[in-house]
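Open the model in your viewer and keep the selection panel at hand.

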Amino acid sequence: MSLLSPRFPISEQEVELVVHEFYAVVRTHPGLGPIFNKHVTDWTAHEAKIVNFWRNVIFFDKVYDGNPMRAHMHAGDVRPQHFDVWLGLFDSVLRRHLNALQAAAWSELAHRIGRGLRIGVEERHRNTVNPPRLVG
C-alpha cells in the first residue's frame, strides 16, 4: 500500500467489483467481445492484472508491471474507434456501481488513459497503412 492518499475515495473492493463487472460486460459485447476473447486466454489472470493497473493509478501502489500501450498497439486488431465503445461501457459500469463522485473521478482517469492509448493505436495504424518513406 502506498503512503500517498488515493486520487479519490474508493476501496480496493470497489475497484475489483468494477473491473470484474466491466469484463463480464466486455466478454459478451458484440464488437469488443471477439477481440478480447481472442487475446485473453485466462480471464482470472487478466482481471487481476487490470485490478493491479488501477491500483497503481488510483492508490499509487506499485503492483502493476505491464505496458498497456504496447499491448494495445501490438494486438493488431484494436482500432481507434474501439476506445469510444470501451469507455462508454466502462462509464456505464462506473455509474452502476459507484457514487457520482467516484464514478466521475474514475471516468476522468479512464478517459485520459484512453486518449493516450487511442493516439498510440492511431499512430500504429497510420504507419501500417502508410509506412514512412525513407528519404535519400
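A crossing of two helices is called left-handed if the near helix is turned anticlockwise from the far one by less than a right angle, and right-handed if clockwise. This is a predicted model, in which local features need pLDDT of at least 70 and side-chain atom pairs count only at pLDDT 80 or more, while totals for chains, interfaces and linings use all residues. Residues are numbered from 1 along each chain as its sequence is written, and side-chain values use heavy atoms, with hydrogens and water left out.

**Stop 1: the helix pair**

Select residues 12-28, helix α1, and residues 43-59, helix α3. Helices here are DSSP runs (H or I, at least four residues), numbered from the N terminus. The two axes come within 9 Å and cross at roughly 135 degrees; axes are lines fitted to C-alpha atoms over the stretch in contact, with angles from 0 to 180 degrees between N-to-C directions. That makes α1 oblique to α3 (under 35 degrees is roughly parallel, over 145 roughly antiparallel, 65 to 115 roughly perpendicular, the rest oblique). The crossing of α1 and α3 is right-handed.

Now show the side chains at the contact (heavy atoms within 4.5 Å). On α1, select Glu-12, Val-15, Glu-16, Val-19, His-20, Tyr-23 and Arg-27. On α3, the contact residues include Trp-43, Ile-50, Trp-54 and Arg-55. The contact of α1 with α3 divides into nine nonpolar, two polar and five charged residues.

**Stop 2: the salt bridges**

How many salt bridges are there? The count comes to seven, each a side-chain nitrogen of Lys or Arg within 4 Å of a carboxyl oxygen of Asp or Glu.

Select Glu-21 and Arg-96, whose closest N and O atoms are 3.4 Å apart. Glu-21 lies in α1 and Arg-96 in helix α5 (residues 82-97), so this pair ties together parts that are 75 residues apart in sequence. Glu-21 is partly exposed at 25% relative accessibility, and Arg-96 is partly exposed at 48% (buried is under 20% relative accessible area, exposed over 50%, partly exposed in between, with a 1.4 Å probe and protein chains only).

Move to helix α6 (residues 100-129), where Glu-122 and Arg-118 lie four residues apart, about one turn of the helix. Their closest N and O atoms are 3.1 Å apart. Glu-122 is partly exposed at 26%, and so is Arg-118 at 23%.

Salt bridges that share partners also join Glu-12, Arg-55 and Asp-61 into one network. Finish on Asp-61 and Arg-55, which meet at 3.1 Å, N to O. Both of these residues are buried.

Note on methods: Helices (H or I, at least four residues) and strands (E, at least two) are DSSP runs, numbered from the N terminus. Ala, Val, Leu, Ile, Met, Phe, Trp, Tyr, Cys and Pro count as nonpolar, Asp, Glu, Lys and Arg as charged, and the others, Gly among them, as polar.
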